[in-house]
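Morning, everyone. Please have a look at the structure first.

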Amino acid sequence: MSTINYSEKIPNNVNLSEDRTLQRALEHWQPNYLQWWRDMGPEGSVDFDVYLRTAINVTPEGWAHFGHVKMPDYRWGIFLAQQENGRKVNFGEHKGEAAWQEVPGEHRANLRRMIVTQGDTEPASVEQQRHLGLTAPSNYDLRNLFQINVEEGRHLWAMVYLLHKHFGRDGREEAEALLQRNSGDQDKPRILEAFNEPTPDWLAFYMFTYFTDRDGKFQLNALAESGFDPLSRTCRFMLTEEAHHMFVGESGISRVLQRTAQIMKQHGIEDPEEVRRHGVIDLPTVQRYLNFHFSVTIDLFGADQSSNAAAFYSSGLKGRYEETKRDDDHLLKNNQYKILDIADGKLTEREVPMLNALNEVLRDDYIRDSIAGVGRWNKVLEKAGVNFRLTTPHKAFNRHIGTFAGQRISPDGRVISEAEWQANVRNWLPSEEDRAYVASLMGRVVEPGKMANWIAPPPVGINRQPIDFEYVRFN
Ligand SMILES: [Fe+2]
Ligand SMILES: [Fe+2]
């Protein structure tokens, strides 16, 4: 690996060819990354030609590059959004200072921890999704899965760039460790719980990309506000890719609902058992998957009260969602925020200092955004003339982090007994049997234009190609 043509091999806008130290670090890391991709990336896919979108620069036109490539040859690159002249630290105790181009020494450990935690989620999702290609419902969907996988790979590059460029030796060690932890691994798991859950089937995949990639959107938005300018710029560019991931989730679930509703109307049936007999996913099962993915994902925002969250904010490292659009003092020392608690066997609200509740602030912003899409799914059902409606469970339901960890709360937000939980959990969360049923539907459909029976075709193809375009060629 001694001669790499950097602008050719690693597209970038960070002057890689002039940065010897960074080159050396990447020279060492890149072969390990490619080895990780072969070992832990999409199973059996290295020879496929996949119709991928590749970013070659950060302008809108730089995105318009589509073509068939083998995934190991995908041009993973390092892109930062354009530097904003005169950008300032916009919140916390350093508010008004010029944004930092170098890591501020006093905040080095916290900053590294935030970058590593974000970076860890990127390869984790690739690992979680690595078997899904074997059961793709269509050639089109298979392509979308692979597009997401290579972009999550690029997001890892983005975080590794920051570690290599700004954190010296311990940054390089962290970059190696990002390839050594693995999702679900007993000894070296990924850092966050939701990223150690398997993504066993395509219903789970669409829910994951809808809910969990949306967590990515909110975390990246909060980091895009950072006073550490390189982190802000790299997150802003990553966000352009995240939108497609959420699109795959939202449109995937819409197509599932459309197909199920069509079968229900065609046969005049509503009973889930009967619906299953026609080989489509019954709506209560969709609801249980939704409940699971929503509740697991909102845990990712962390404890409802957190002194770390306060410290990250006050030191200017991590802002709120759309920080600069808010009209308060951006210091928050005198602000309060309502969080949920349990008193006398009931959920109740209480006010706490907002600085300590910033995880909850971000979680609530996330929840509002998530609910909007669930409303759009219900429009699909409404249009099809089906009475069933999906709902987003209460935010205290099925939580494992924060105040509600270990508490039993129903999806409609009642504190309940262990007995009531046990008697109803099969109606609220996917059972083994639900998962086995969904798994039984997963067969590989890859002939261009064909769809698995349980899902409707997409309304349009990718990049104005027809739906029966050969998005993935198997060779
Ligand atoms: Fe990502
Ligand atoms: Fe993503």
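I'll go through two helix pairs, one after the other.

A word of caution: this is a predicted model. Two packed helices are described by the angle between their axes and the distance between the axes. So that is how I'll take each pair.

Start with H2, residues 20–40, and H4, residues 139–166. Their axes come within 11 Å. They cross at roughly 150°. Angles over 145 degrees count as roughly antiparallel, so H2 and H4 are roughly antiparallel to each other. The crossing of H2 and H4 is right-handed. Which residues make the contact? From H2, we have Leu22, Ala25, Leu26, Trp29 and Trp37. From H4, we have Gly153, Val160, His164 and Lys165. By class, that contact of H2 with H4 holds six nonpolar residues, two polar and one charged.

Now the second pair. H7 covers residues 229–267, and H11 covers residues 358–384. Here the axes come within 9 Å and cross at roughly 25°. Under 35 degrees counts as roughly parallel, so that is the label for H7 and H11. The crossing of H7 and H11 is right-handed.

And the residues? H7 brings Glu250, Ile253, Ser254, Leu257, Gln258, Ala261, Gln262 and Lys265. They meet Gly373, Arg376, Trp377, Val380, Leu381 and Ala384 of H11. How do the residues of this contact of H7 with H11 divide by class? Seven are nonpolar, four polar and three charged.

To recap: H2 and H4 are roughly antiparallel, while H7 and H11 are roughly parallel. Thanks.

Terms used:
Residues are numbered from 1 along each chain as its sequence is written. Chains are lettered from A and ligands numbered from 1 in the order in which they are written. This is a predicted model: local features need pLDDT of at least 70, side-chain atom pairs count only at pLDDT 80 or more; totals for chains, interfaces and linings use all residues. Axes are lines fitted to C-alpha atoms, for helices over the stretch in contact, and angles run from 0 to 180 degrees between N-to-C directions. Helices (H or I, at least four residues) and strands (E, at least two) are DSSP runs, numbered from the N terminus. Angles under 35 degrees count as roughly parallel, over 145 as roughly antiparallel, 65 to 115 as roughly perpendicular and the rest as oblique. A crossing is left-handed if the near helix is turned anticlockwise from the far one by less than a right angle, and right-handed if clockwise. Two residues are in contact if their C-beta atoms, placed from the backbone, lie within 7 Å. Ala, Val, Leu, Ile, Met, Phe, Trp, Tyr, Cys and Pro count as nonpolar, Asp, Glu, Lys and Arg as charged, and the others, Gly among them, as polar.
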